[in-house]
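Subject: Structure handover

Hello,

Here is the structure for you to look over. My notes on what was found come after it.

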Amino acid sequence: MAGKSGRSISATPENTLKKTIFSWEGVLVILFIAVNIFCMTISDVYNLKNVLREMPKYLAEIFLLLPMAFILVLGEIDISVGSIVCLSATVSCMVCNKGIPFICVILVGILVGTACGMVNGAILTKFDELPPMIVTLATQIIFRGIAEIALGSGGSVSLSNADGFRAIAGRVGIVPYIFFLVIIFAVIAAVILGKTTFGRRVYAMGTNRLTAYYSGVHVKKIRFLIYTVMGALAGICALFMVSSSYGANTTTGSGFEMDAIAMAVFGGISSTGGKGNLAGGIISAFIIVCLRIGLGQVNMNPQLILLILGVLLICAVALPNVIAEIKNARKVASRK
Amino acid sequence: MEKKSIMKKITGSREALLLVVLILLCAAVSLRSPSFLSVQSIMEMLKNNAVTMIMSLGMLCVMLVGGIDISIMSTLAFAGMSVGMLLKYGHVSSTLLCFLIAMGIGIICGFLVGLVISRAAVPPIIATMGFMYIYRALAYLVGNSEWAGADALGSFKDFALGSILGLNNVIWVTIICYVIFFFFMKWTRTGRKIYAVGSNPSAAEVSGINVKNIKLLVYSIMGFLGGLGGALAVSIYASAQPNMQYGKEMDVIAACVIGGVSMSGGRGTVIGALLGSLILSVIAKALPIIGFESIYQNTIKGVIILVVVVVNVVMQRASDKNNLKGREM
């Protein structure tokens, strides 16, 4: 990519079988199969029906992964999404308790998320010297703070009429609605990032924002749009969170930003920008979901599962770098 | 070079500006409640925020080389839990030994983080995110779903109650850390190397600094302070729980950012980190006094961070414009 010679702007990728298998996505698919076989051997209740039944509560985080992938490709980061989920879940619960038609509740949930995303985007485009990490750190504290104020001293709200939320938690046969929704959103996001001009511009900005700006990319507009979409999808995630817990509290969605980033990075999307694609991110998300369900079924300590995920994350990023370094060292040695 | 006027010095130096803000803040709060500036209340505030204040020194070093570490509070919990469990089951009873063990665990944790970041070239935010999960999980596993209460800790909790020359032990530790770091960052070779790596890594590399080792050192320092913070937190709060200080790493980062430490590295001072964490703790203490309920605290804290960074950018832009004007003449 960028930096090496700068001359080969678009090298045509070779689609050989070997390349497909040894690409990171190929490794992930193999890992996905391996994880499933592993889970089936350790747990006798690990089958399609049970997995689909337990999936909804983990799937909601994939909504966050999709726009997070765009932000990471930009070379930026948004750590406020967990708090957006919290605020949006709180507000939609409260609105729902007022007895407003359910369609309005959904709209309110998404609108709150979008508004939060717009705040992030507006600050980041207005003062583009600021690192996104700091701005979203501040808004992370602010959004959760607003939710805390709204929730009052009790710190939680529960639904008095859960009919609407029970409806969106429904399923076709054994497959929950959220599964279809996740797949549809994932395909749309993957196509936008991989196949459209917009997606190429995002990569260009991630590789070198200044160059992209000088070659006519509307840098500000694109950044604002992506942060806003991030907020909107956090709103959708919040609705599904409410539909699985029938309420919200001050810790709703805490740590989701880290989970979403971990999924994306594990899927080969570099946090330094300009690299990776959504297919990898989505496969890795399903690997993590399956691993969590499988290990949860054998009553493994949830903390131990987090430990395994942490080790996997670090290895996934460190190993390719270490291998590349060793190869490089060998090349230098053979040249001598 | 002509002499700068005092006024210009104050507006020009970030630290002086922060000091003015801090003094104004204290004055405003003490108008409302005179007891705020009593010696006892200040000592209480310093003691309760000692952990954040000490950790912000490590974060200063990490941010100076352009990194970030969000695993620190997990390191703290791991070290604190280990000490708590050792005390609970009577394996150790000496306070000094406990501190040494906690600091040792901290150094090892930090060293591992530094190894992954400097040798395997993993971006700091990703690596420390992974270690945040790992060390927090280890804290839970060490505890084995138990926690150490005040009676299990024995004489260890007396450390935070005792005082030398009228100052609480915890405050002494904080002061010693700050004095050491002030000299370390300003006048030692290694301290200057950290600044050099932060301002321009390739230039530092060319001039013979081992950038990788400096990064390793910086994260080890952070881990060391995390371990120290773990022992202190157990002693101050007289309990060791696996979820202690959960999410507080953001406070430490916020303190550094308010203190003028740049996220891109190379800019920031020990005094700045001190003032930043002092301002945060004064705000946290002052809000209930001026009549805000504690649920408003986080929102106000977030707004303050945002305002500080935005004001910083606006001022930077203005000074850039002024410099350009000077050139045109």
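What is the handedness of the crossing in which α15(A) passes α7(B)? It is left-handed. Please keep in mind that this is a predicted model.

Contact between the chains

Taking the chains as a whole, 37 residues of chain A are in contact with 36 residues of chain B. On the chain B side, α7 gives the most, with 12 residues. At least two residues each come from α7, α13 (249-258) and α15 (297-328) of chain B.

Domains of chain A

Seven residues from domain 1 and seven residues from domain 2 make up the contact. On the domain 1 side, α13 (256-266) and α14 (278-297) of chain A each supply at least two residues.

Nonpolar core

The largest nonpolar core has 202 residues, and Ala69(A) and Cys237(A) have the most contacts inside it. Helix α12 of chain B, residues 211-237, provides the largest share of this core, at 15 residues. Domain 1 and domain 2 of chain A each contribute at least three residues to the core. Apart from its neighbours within four places in sequence, Ala69(A) is in contact with Leu193(A), Ala264(A), Ile269(A), Leu278(A) and Gly281(A).

A helix pair within chain B

α13(B) packs against α14(B), residues 270-289, at an angle of about 120°, and their axes are 7 Å apart. Angles of 65 to 115 degrees count as roughly perpendicular, and α13(B) and α14(B) are therefore oblique to each other. The crossing of these two helices, α13(B) and α14(B), is right-handed. Asp251(B), Ala254(B), Ala255(B), Cys256(B) and Ile258(B) are the α13(B) residues involved. They meet Ala273(B), Gly276(B), Ser277(B), Ile279(B) and Leu280(B) in α14(B).

Regards

Methods
Residues numbered from 1 in each chain as written. Chains lettered and ligands numbered in written order. Predicted model: local features only at pLDDT ≥ 70, side-chain atom pairs only at ≥ 80, totals over all residues. Core = buried A, V, L, I, M, F, W, Y, C linked by C-beta atoms within 7 Å. Buried ≥ 20, exposed ≤ 12 C-beta atoms within 10 Å, placed from the backbone. Helix = DSSP H or I, 4+ residues; strand = E, 2+ residues; numbered from the N terminus. Domains from an automatic or database assignment. Contact = placed C-beta atoms within 7 Å. Left-handed = near helix turned anticlockwise from the far one by under 90°. Axes fitted to C-alpha atoms, helices over the stretch in contact; angles between N-to-C directions. Parallel < 35°, antiparallel > 145°, perpendicular 65-115°, else oblique.
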